[in-house]
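Subject: Two-chain model, handed over with notes

Dear colleague,

Please find below the structure I promised to pass on. My notes follow it, and I would be glad if you read them with the coordinates open beside you.

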Amino acid sequence: MSPGPRDLADFARVLCQQRNCSLIRELGAGAHKRAYLIEKDGAQFALKIAPITASLKPRFEREAAALTGCAHPAVAQLHEAYAVTSGNEEFWVSIEEYLPGGTLAERFAVGRVGHSLIRSIGLSLADALDHLRDRNLVHRDIKPANILFRTSDAVVLTDFGIVRMLDAPSLTQDFLPQGPGTPLYASAEQLLNEKELIDWRTDQFCLATVLAQGILGWHPFAPENDPMLAIARVAKRQPLPAKSRNGLIESEFSALVKALASWPAQRHRFPKDFKAALSGK
Amino acid sequence: MSSYHQMGHDSWNLVTEAALSSFGGLVLSPVNDSPGQVSEKLAILGPRRDHLDIILDPQFYKPKSDRGSLTDWLHIDNNFDTADLANMGWWTERCHRLAEQGEQLGVNAIASPAAIPRAFDAAYYDWVIECAEALQSLLDGQKTSALITALVHVPELAQQGTADRIASILTRSRISRVYLVFVDEGAPRTQRTDSEALAGAMSLIRTLESAGSRVLLAFSGLDMLIWKFAGATDVATGKFFNLRRFVPGRWDDPAEGGRVLPYWTDNDFIAWFREEDVRLLLRLGLLDRKRASANPYSREILALLDGRSGEPWLRLGWRQYMYWFAQREAEIGTGNVDVRDMLEHTDQLWLDLEKRRVRLFERPNNGEWIRAWLNALLLL
């Protein structure tokens, strides 16, 4: 678990008192936020708190705006989000759906996930991407740690912290050599900060990487299990290694071979195409 | 799959020519006809109209000089010269007018407005998509659809990744038809010979088509053969495209005049020959009279040349070319002709010509583009 920001449990307790909630326990920490399990009227929620900096505030606001506009079973539900001042410090507070089933990363860590569940996860999330595309949103950080389970098999895409709104100015600086995203799951256009190529097909690549990893047991671009090699191959737009390609085809996941193409134009063009290919229709 | 008439000066008579009936569509030119004239001409087509896919190309890329009939059209007005072309609102207004104009004419589709940019970069193609989407949103629910007009600078396609980058931006759109205009600075009647750039151009077509876009390659000529090889569904040409192709200054040339010479379109050499060369090749037995006569207009031209009457055959030359274009397009489209085999055969013919020390009237007419095209096929 990432160390994240400092312990904010005391502030979480204050917030809970103000809202008439009970603080149950800390859930964990991300790069910017700490999450706590809270309960109100018998229902459980995730309370997330982040110290606000000038550079982070627009991102928090975008995340909230993006999630507020979404209504899809595989997209995390946001109940509230606001900025609050405590002493001299400003915090971003959000109350989200609590997802008790853990992350896909945890499931991968304890063993392979069955192919039928992988397919089901893929279809649910591809449908979520369709929903996001309709809203001009690109998640940009799909990875096993951001895929949570509501029940044993119902997945939810979370952490829209670096969501890109295609109809709003980009918050990423042009001069940076690499755009936002987790490098191990990022597409070439993210790794190379080619903002003009970012669209829903970027998320398609990230999701396909996650799914292919679940099928193969290794990162699709590095059968040698070398993460740096995987990132380098993706960034150089090298083709999918034959071992991964063959493995996916033999496992009847050839839809992922296309989804892992290095250029967006070579991937599935529309979410419906991806869903149809993934379902074998 | 179809050939389209790229309408130019005084081209309407070709549309109703019986031997050219295999053309499946028209790309209207606002430069050459006013809306009223177009409306009249479309009405005259009668039942043939129902079998044609009629596309309005607004031609915003026309240079500032002589505008022909452009200013008679709703989408061009007096503020064109002073407009802030960076303002999307101005272009959206053009789209409104285009949609209205298209509805009045009853066209099947409208090519989105597109200016010739200073730089063919990602920002330009983003703008192209935005403009096309704005037009499509106005046409939603109507019978008329929009095409994305994309101008692409051919020399830049030699750089690896450029075609994929452009295709990636263009396929972001929900619009499934692309009106692709290849731009360069080539001289009239010269063929493109940069194999790498040509391979990039073909790759762009192939990637777009593979992604579900239907490409209409505008302003094509003999090079239609390689665009079809790459997978272009539709290709457009006009009678003047045996003389020139799309270059930024193309409208600055006189549309017609005394200096326009007739050219023979040769199916075997994949070249345009002047009369002197046709006579020379006939005398040397290097031009297959029988094979050439499969084109009815070639037959007529040969009869005129044999008669030595001196009768001009410019009009026949245009028709000969247009017939060749539509026939070849159909043959490639149906898989009856293998482009690579055809080019290899042609390369041999040019080699024979060289061995026999034949010097054609126009020096650039040496067939070297055939090798470049063959290499482009290899690089694809």
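How many residues of domain 1 of chain B are in contact with how many of domain 2 of chain B? There are 27 residues of domain 1 in contact with 27 residues of domain 2, where two residues are in contact if their C-beta atoms, placed from the backbone, lie within 7 Å.

Before the details, please note that this is a predicted model, in which local features need pLDDT of at least 70 and side-chain atom pairs count only at pLDDT 80 or more, whereas totals for chains, interfaces and linings use all residues. Residues are numbered from 1 along each chain as its sequence is written, and chains are lettered from A and ligands numbered from 1 in the order in which they are written.

Chain B

The two domains of chain B are domain 1 (2-252) and domain 2 (264-379), with bounds that come from an automatic or database domain assignment, and their C-alpha centres lie 27 Å apart. On the side of domain 1 of chain B that touches domain 2, the elements giving two or more residues are helix H6 (195-210), helix H7 (224-230) and strand E8 (234-237) of chain B; helices (H or I, at least four residues) and strands (E, at least two) are DSSP runs, numbered from the N terminus. The residues of that side of domain 1 of chain B divide into 13 nonpolar, eight polar and six charged, counting Ala, Val, Leu, Ile, Met, Phe, Trp, Tyr, Cys and Pro as nonpolar, Asp, Glu, Lys and Arg as charged, and the others, Gly among them, as polar.

Strand E1 (residues 2-6) of chain B runs parallel to E8(B) and is joined to E8(B) by four bridges, with His5(B) having Thr237(B) as its bridge partner. Strand E7 (residues 214-217) of chain B also pairs with E8(B) in the parallel sense, over two bridges, and here Leu217(B) has Val235(B) as its bridge partner; two strands pair if DSSP finds at least two bridges between them. Asp234(B) and Ala236(B) point one way from E8(B), Val235(B) and Thr237(B) point the other way, and all are buried, that is, 20 or more other C-beta atoms lie within 10 Å of their own, with C-beta atoms placed from the backbone.

Chain A

Chain A has 10 helices and nine strands. Its radius of gyration, taken over C-alpha atoms, is 19 Å, close to the 19 Å that the globule rule (2.2 Å times the number of residues to the power 0.38) gives for 281 residues, so chain A is as compact as a globular protein of that length. Buried residues make up 42% of the 281 residues in chain A.

Five strands of chain A form an open sheet with antiparallel pairing, in the order E1-E2-E3-E5-E4. Strands E1 (22-29) and E4 (78-86) of chain A stand at the edges with a single partner strand each, so one side of each is left without a neighbour in the sheet. Within this sheet, E2 (residues 34-40) and E3 (residues 43-51) of chain A are joined by seven bridges, and Arg34(A) stands opposite Ile49(A) in E3(A).

Contact between the chains

Eight residues of chain A are in contact with 12 residues of chain B. By class, the chain A side has four nonpolar, one polar and three charged residues.

Technical notes. A residue is buried if 20 or more other C-beta atoms lie within 10 Å of its own, exposed if 12 or fewer, and partly exposed in between; C-beta atoms are placed from the backbone.
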